Amino acid sequence: MALPLPPGLTPSEVGFLCEMELVTVIPRQRLEGLELLGGPTQSLNPPFPAPLPLWLALLLKRQKRANISPPPWLSVEGLSSILDFETDNRTAEVFSPAPSLPRPTGFGLPHDEYLSQDSLEFSPPFLADSSTTRSQPNALPYHWLELGHLLLTHASDDFDDPDTVRRLLRDLREVRMSKLRKGFRVLDAGAGVKMNGVGGMEIAEVRGFVGGVVDGLRKINRSREESRKDREAEERENGLGGSSYQDDEDDMQL
Amino acid sequence: MATKLRARPAHAPGPTYLSYTPNGRKLVTVGLNGALRVFQHDSDDEPAVIDVPTDNHFAVAATNDFILVGAEDGSVTKYSLLTNSMEEMLVRSSLPVRDIAISPDGQWAAVASDELEVKVVNTQDMSRVMYLREHPRPAKHVSFDISGAMIAVSCTDGLVYVYSLSSEQPQLVKRIDGLIKLLDNEAEASSKAVWHPDGRAFAAPSSTRDFQVVARNDWKLQKAFQGGHRGDISAAAWSPNGALLVTAGVDKSLVLWETRSQKMLKSFNDVHNVILAMQWHPTDNVLSYTNNNGELFIRENFAPNEHAKLLKIALQHAPTNADPLNDISGNARRPMPNGVKPNGHVRSGDDYIEGLLDDAMSQDGADFIEDDDGAGYAEEPNRNGKRVARSIEGPQAKRQTPGPVWQPQIHEPFQPGSTPWKGNRRYLCFNLTGFVWTVNQETHNTVTVEFYDRQEHRDFHFTDPYMYDKACLNEKGTLFACFGSSHHPAILYYRPHETWTSRTDWRTELPKGEEVSSISLSDSCIVATTTAGYVRIYSLFGVPLKMYRLKSSPAVTCASWRDYVMTVGNGPVGGDGMTRLLYTIENVKRDEICQSEDTLALPDGVELKSVFFSEKGDPCIYDSDGVLLILQHWRTPGQAKWVPLLDTKTLDRLAGGKKEESCWPVAVANNKFHCIILKGGEEYPYFPRPLLSDFEFRIPISSAPNGDEDEINSEVTLRKSLEEEYVQSSLQHSLIQDLVENTSATQTQKLEATGLEREVDKVLLQLLAVECREGEERGMKALEIATLMKDRTGKMLEAAGKVAQRFHREILSEKITHLAERRMVGLVDDDEV
């Protein structure tokens, strides 16, 4: 069955994926812990904050049974410091870094795994606490754009200054998108763009375009590529191919 | 500092003089024209004017009730401050009156005129007059010392004559030469002797334009305040506690000095006329002066902010050359919240004896180091400013009886979880159930009670004609209390949240004149401490259960949890002049006293901020240093001790001092400290309601680990955190163990106790592993850790042995096994390690 959709995820799908993120909720009424597929939730006991998946938090919020307390990076101070980083001349080339990875849990002993617990390391988008109140205030997590959008739409009354936060989010998005687009200029069949710290929605947004461009370029270059391959094959046969192949490889890595 | 200096035209241009009443409420000025002006302190209203028949007034002196005004025509007239009218002509001389001084008790007035003799008149009975006649020329100034037993007369012959008034006939005590300048009667420059408020010295402007201190016990010249003026000094005033001095010169200078170091703190250059009279306000940071142009200046916040604290400290010593006690006790002292009230007391007739005693005593002390060879060792610490010469309020204050009356500092009562008025609203109660706040609507208040759990309870709101100023809130109901007024006595009002009858809220009125000082509400009782020193305990439905008098009163605060009631009161006075806080914990149902009049452990200078019971029912306090403490072993009388749970100053976000943040305590629950983070130096939360923050306990065992630890010291950090964890889990275990042993605990609590015991051993096991890893040489410590294990089944020691084996610490492993065996057969007691 052919879907009329471009490859990759649609924004709503990314938003859906974002809803598994845990956010901190300040409950306004009691609720026993629930056994969810993603794991059991903590029982809610006002006024103690508890982490809940975003979808459940939004549901409770809509029923006025809870308040969502926005993560620290989604505050005016946090966002403006990130925005400063993004617009600073010295760091204009790169995206603001993603949250630092958690330390491996447990502690291992050298040459001995005794007493060492599971030291599983996570990477985005599976970082714990990336969007709860315990998250880092100066780093955008993987789902920053979607999460910010969802929270601002459904829980804007829980923000201190929702309008400024909204404006800052928009600014950030524009700055980062322009950086991404700047990266596309150097796109070539073999070139790459460094995208460390780019969020899920941004990837979804540019995936169609970048993929298309790269595919198109490859198609255009196919004949040249083929002729080059032929030439290389010939050269290899002549015993001269090794070094030039090496050069190509270097170019690829740029 | 006042940004704009505004002169108040008080009189016709010309010499003007002023006097504060000793209570500081009124300020009287006199000048050339025939009217007196009475200014109210702290009010910008037009002053009251008393029209008088005389003009050209040169002297004024005030008591709380009346003023004496001396005029050029030689009359001294008494005016009442109560009616603002003339009472009588007190005394009349043939020549102009130059100065009037009233003794501190207000009984005697000394009048210096251009006549040769100084008259000392009884202010109530003008027929009783004493004459001071030993000085050969007219007196220019007179001043009473603090006890009122001596008068210093600054004579126009350049000498100061000190008379004693203790006998019927005044006697000349001392003639002091070489102190003051020879001045004309009408000179603007002054030679007035100004007694330091501690009564041990006076000071007078010298001929070298310095301000010279003279000790009272030997009448020798002591230290001097030098180099402040280029003209003669025209007025001078000690601050009420003697810590600061202001002098003004005829060169239109005005200088603020620090008494202790005789250093010039600030020179003011905004004086445009010669200041003739100057006085500090008795309590506030306000200096008032009048000049020779008929103007009055009331300078609020006169001492700059960095020095304003000097005004709040206790009475300071006069700067004499030998102050051994001062030099030893170089501790910074707490400010006295009550303020010092010099002259605010009425002294009785035996002052002189006290004065003599004082002399005798201060001679013992003051001459301990005599700087007789001029080497300056006695004053050296003062010069380099390293040793702070401040008084100990307690014992020294006793010696200084001629000075301001020393009063013990009592702790004001407070209601935990409430905030003061700010704007027109305040929180009456703030806890984990919800919060109660009230809005002042002038004629009434509106009280709103909001809950966190909106399903369980419904928020409510009512109009409050009684102006409730205290409230408690819990799951069952809300308790309010208000002050009595002319319409009603003090009222306690309880309103349960749920009811199955029509109306169950009740009010009870306290006996007339008794006010509620703090209230608390628990699941089973209502407690109120009152200003009459009573503790009143009611059931939830208003049945008075018991009432008794608090042993340590006045009460400060109270807290309750189920049947346990904790009351805090002012106990005996401690070394720092503050009363010790004593607490009593009682079980009202079983009528058992758990802790009786035990001291609330607070270090010097730290105040109690809040008292509450933790969720598990252990008493907690939070002090102004930001430390949260919990009471351990409090169910056994005499065993209780305060254990710190968390020092909020060491928290990551508060440490470093980058942000000016503080915690406002709310509760202890779920093994966390719940508080409100206040930013920007705020002391209390305000509206909109801030979010609660919570912090894990961290017992300040060692300095907090740095945030940026690298691999090398991560091991140290780990060990430190394990050590902290050990102390904390032992504490938690002992708390729950106490609970299980002393109450009919539930099964879950018993399980929790054993779980926590295992937890302690687990932490010890981890610590043991760390020690084993460090190396063979740590074996002794590792064995010691093993002996700390609580587990009696031997499993934990077995595990410890395994850990040691794993690290190939064979000897250690052997020893642990040995220990385990001895324990199994009961050979090792707890005491024997």
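This passage walks through the fold, the confidence and some side-chain pairings of a predicted model.

Some ground rules come first. Residues are numbered from 1 along each chain as its sequence is written, while chains are lettered from A and ligands numbered from 1 in the order in which they are written. Since the model is predicted, local features need pLDDT of at least 70 and side-chain atom pairs count only at pLDDT 80 or more, whereas totals for chains, interfaces and linings use all residues; side-chain values use heavy atoms, with hydrogens and water left out.

Chain A holds 8 helices and 5 strands. Here helices (H or I, at least four residues) and strands (E, at least two) are DSSP runs, numbered from the N terminus. Read from that end, the elements of chain A go α-β-β-β-β-α-β-α-α-α-α-α-α. Chain A has 254 residues, and 36% of them count as buried; buried means under 20% relative accessible area, exposed means over 50%, and partly exposed is in between (1.4 Å probe, protein chains only). As for contacts (heavy atoms within 4.5 Å), take those in chain A between residues at least 6 apart in sequence: 67% join residues at least 24 apart. The accessible surface of chain A is about 15600 Å², with 54% of it belonging to carbon and sulfur atoms. That area comes from the Shrake-Rupley method with a 1.4 Å probe; for residues, only the protein chains shown count as cover.

The average for chain A is 79, and 80% of the residues score at least 70. Helix α2 (residues 54-62) of chain A has the highest mean, 93, and helix α8 (residues 241-253) of chain A the lowest, 46. In chain A, pLDDT stays under 50 over residues 106-112, where the model has 14 contacts beyond four places in sequence. Residues 241-254 of chain A also stay under 50, with 9 such contacts.

Next come the salt bridges, each a side-chain nitrogen of Lys or Arg within 4 Å of a carboxyl oxygen of Asp or Glu. The count over all chains is 38. One of them pairs A:D215 with A:R218 (3.7 Å, N to O). These two sit 3 residues apart in helix α6 (residues 200-220) of chain A, so about one helical turn separates them. A:D215 is partly exposed, at 40% relative accessible area. Chain A also has a network of salt bridges linking A:E86, A:R176, A:K179 and A:E202.

In chain B, B:R719 and B:E723 form a salt bridge (3.5 Å, N to O). Being 4 residues apart in helix α6 (residues 711-742) of chain B, they too are about one helical turn apart. B:R719 is buried at 19% relative accessibility, whereas B:E723 is partly exposed at 23%. Another salt bridge joins B:E752 and B:K616 (3.6 Å, N to O). This pair links distant parts of the chain, 136 residues apart: B:E752 is in helix α7 (residues 747-774) of chain B, and B:K616 is in the loop between β45 (608-613) and β46 (619-623) of chain B.

Finally, B:S75 lies in strand β8 (residues 75-80) of chain B and is buried at 1% relative accessibility. Beyond four places in sequence, its contacts include B:T54, B:M89 and B:V97.

Note on methods
pLDDT is the predictor's confidence in each residue, from 0 to 100.
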